[in-house]
Amino acid sequence: MNVQQVAVFLEHKPGRLAEISHCLAENNINIRALSLADTTDFGILRLVADDTAKAKKVLKENGFTVGITEIIAVAAEDKPGGMDKILQVVSKAELNVEYMYAFTQKSGESGILLFKFDAPDRALAAFNEAGFKILSGEEVHTM
Amino acid sequence: MIWNEKDETMPREELEVVQLTRLQAQVERVYATVPYYRQKMDEAGVAPGDIKSLQDIRHLPFTTKEDLRKNYPFGLFTVPMDRIVRIHASSGTTGQPTVVGYTKRDLKMWAEMMARSLACAGVTRKDVVHNAYGYGLFTGGLGAHYGAEEMGCAVIPISGGNSKRQITLMKDFGSTVLLATPSYTLNLADTMADMGVDPSELKLRVGIFGAEPWSEKMRIELERRFQIKAIDIYGLSEVLGPGVACECIEEQKGLHIMEDHFLPEIVDRDSFAPLAPGEKGELVFTTLTKEAFPVIRYRTKDVCQLITDVCTCGRTFYRMPKITGRTDDMLIIRGVNVFPSQIEEVLVGTEGVEPHYQLIVERDGSLDTIEAQVEVSEDFFSDEVKVLEDLALKLRVKIKDLLGISCKIKLVEPKTIQRSEGKAQRVIDNRKI
C-alpha cells in the first residue's frame, strides 16, 4: 500500500495551524512530514502521520475539513544530486508532478521524496524500472 | 383540500364585488379613526366617497414603513387598547421596530388565513406540525401556531434554536409537517446529517418555508435533504404575518394570495404608477378586513408580477411567483442590481460548495466590491490547490454570466458561516454611503 497523506483545508486565520498541531499533540499523533500550500485566500496543509485514520478522525471531530490521499514515497540518497537522479526519471517518463515535498530520515543517510503524480501507476513503473526504492506506507508511517 | 371552498374558489366577478365593498368600508373606517391617514388623504385630495371602483384605489396615498415608524408605537391603530388582544413587532434591525396590533376578530381571520395556507400545502388535521418559526414578537411562530390549531393539527411549538433537540423530537414525535425559515431548515438538515439521522427515519412529508426569500435551487436542496415537498408561504407583519399567500402542493407554481382579505396591486418601482397585474413591479397590499391595524396601499418592497391564469387546484385567487428579491435586500454593486437570492441560485446549484453563504460588500475608494464567502463541502475538498481554485473560478464565472458583476469568491472552512436560527443574515454591507 502507498503512503496515506492527510490534507487539511485552512482558511487564512491566525492560530488555525496551531489548532491543528495542538489537536494532533493532544491525541499523541506523530507527524512524519508536512508541507503547506498557500494561495491568497486559503491554504492546504498536507502531512504524513504515524496513524492516518486516527489523525483524520480527531481532526474531523475538531471541525476541520480533511481528505486522505495516496502519495508515492521514493528513497533518495542524502547527498548532492540525490534528488536530481530521481527527477531525471520523472522528466524522462514525462510525468506531471502535482506537488512534492521531502524529508530526511537521518541526516546523511537517506532522504525521502513524497510525490503526488497525475499518473501514479506510470510513475511507479518508471521508478521500478530505474531501480529506485519505493517505500511502502507501512515503512513510512512507522519510521 | 381547500379550507374555505366557498371563498377561495369564488368567481372573479363575485370576488371583485366583495373586494370593493370591503375596500370602501376599510377606507371609511381608517379615515374616521386614524388622524394620520385622514391627513394624508386630505393632502392628496381624496375622500372615502371617491372610491367607486377597485381602480379608484390608485388615488389613495401609499403607506410605507416610514409611516409606520413615524407613528411608533400605536399611532395607526384604529381601535382603543381595550380591544387589542395581541401585539407583534418587527426586530427593528433596520431602524425603529414596526409595531402591529390585532383584535380578537383579527386573530380569528389570521388563523383562517394560516389554515387556508396549510390546506393549500396539503396539510390536514391528521398531521403533526413541528413549528420551528420563532415564537415571540416575530409573527411567524404564533401566526403559524394558531392556524395549525385552527385546522386541528397536533402542533409542536418548538420555536427556533437547539437544532439537535429539534431533530430528535421530529423523529420521536413522528412530525409530518415542518414549518420554519428556509435558512434554518438548512441548518436543521446539516444537524441531521451530523447526527447520522437519515431522512427516512423521519415522517416529514411537507415543509412550509417563508419569512425570507429563497430560490428554486434551494427548494430542490431542501426537498432532497428532507425527502419532502417544500412549499413557499408569504406574509409580512405589516399586512398580517404568515398566511397572506401560499403555494398549492398541486402546482408549487406561484403563491395564491388570499385576495378576499388582501387586495394586491403592482406598481412601477420608480414612479409608483399602477401596472397591469402581469407586469413586474413592487407589490402593494391593502388589507380589506383587518380591524386593529389595517394598512392602505402598503408598499412591501417585494418585487414580482401577478399570475392571473386559473390554477389547476381550483382556487380563483391570483398568484404571486416566489419572491426572489425585495427592493430592501437589493444591492446596487457598481450600478448593477443584485439580489442575494440570485447568488444563492448559483451557489446552491454548484457541486463542491455548501448552500450556506454570506455576502460582504465593501467600498474600496469609489469602487464597490462584493465577496461571497462559501463553505467548501467535505466531500469535494481536495489536497490539490488547483481543484479548489478551479471551483472558485467556476463560481466567479457563473456569477459574472448571470449578473454581469465580478464577485470575489472566498472559500471558507465548513461550518464557519453563522448558521441561521431564524432569519439568515446573508449580507454584510460595510459601505458607508
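Predicted model: local features only at pLDDT ≥ 70, side-chain atom pairs only at ≥ 80, totals over all residues.

**Entry 1: strands of chain A**

I began with β1(A) and β4(A), which pair in the antiparallel sense over six bridges.

Next I followed β4(A) to its other partners. Six bridges join β4(A) to strand β6 of chain A, residues 110-117, and the two run antiparallel. Here A:V74 has A:L113 in β6(A) as its bridge partner. I also found two bridges from β4(A) to strand β7 of chain A, residues 134-135, again antiparallel. In that pairing A:A73 stands opposite A:L135.

**Entry 2: where the chains meet**

How many residues does each chain bring to the contact? I noted 15 residues from chain A and 16 residues from chain B. On the side of chain A that touches chain B, the elements giving two or more residues are β1 (3-11), β3 (42-49) and β4 (66-77) of chain A. β1(A) gives the most, with four residues. I sorted the residues on this side of chain A into five nonpolar, six polar and four charged.

**Entry 3: helix α11 of chain B**

I moved on to α11(B), residues 385-403. This helix has 19 residues and reaches 27 Å from its first C-alpha to its last, close to the 27 Å expected at 1.5 Å a residue. I found B:L388, B:L391, B:A392, B:L395 and B:I399 buried. Seen down the axis of α11(B), the buried residues fall within an arc of 90°, so they line one face of the helix. On the other side of α11(B), I listed B:K386, B:L393, B:V397 and B:D401 as exposed.

What do the buried residues of α11(B) pack against? I found β3 of chain A there, together with α10 (340-348), β18 (367-376) and β19 (407-412) of chain B. Just after the helix, B:G404 takes a positive phi of about 75°.

**Entry 4: the open sheet of chain B**

I traced an open sheet of eight strands in the order β4-β3-β5-β6-β7-β8-β9-β14 (chain B), with mixed pairing. β4 (154-156) and β14 (319-320) of chain B stand at the edges with a single partner strand each, so one side of each is left without a neighbour in the sheet. Helix α6 of chain B, residues 139-151, packs on the sheet and touches β3, β4, β5 and β8 of chain B. The direction of α6(B) makes about 65° with that of β8(B).

Within the sheet, I checked β6(B) and β7(B), which pair in the parallel sense over four bridges. B:G207 stands opposite B:A230 in β7(B). Helix α9 of chain B, residues 216-226, lies across β6 and β7 of chain B and runs at about 130° to β7(B).

**Entry 5: B:V197**

I looked up B:V197 in the loop between α8 (182-194) and β6 (206-209) of chain B. Is B:V197 buried or partly exposed? B:V197 counts as partly exposed because it has 16 C-beta neighbours inside 10 Å, and buried would take 20 or more. Leaving aside neighbours within four places in sequence, B:V197 is in contact with B:I167, B:K171 and B:M192.

**Entry 6: a covered strand**

Last, I turned to β2(B), residues 99-102. Both faces of this strand are covered, with B:V99 and B:G101 buried on one side and B:V100 and B:Y102 buried on the other. β2(B) pairs with strand β1 of chain B, residues 86-89, in the antiparallel sense over four bridges. In that pairing B:A89 stands opposite B:V99.

Notes
Residues numbered from 1 in each chain as written. Chains lettered and ligands numbered in written order. Buried ≥ 20, exposed ≤ 12 C-beta atoms within 10 Å, placed from the backbone. Pairing = 2+ DSSP bridges. Contact = placed C-beta atoms within 7 Å. Nonpolar A, V, L, I, M, F, W, Y, C, P; charged D, E, K, R; others polar. Expected span 1.5 Å × (residues − 1). Arc of directions from axis to C-beta. Axes fitted to C-alpha atoms, helices over the stretch in contact; angles between N-to-C directions.
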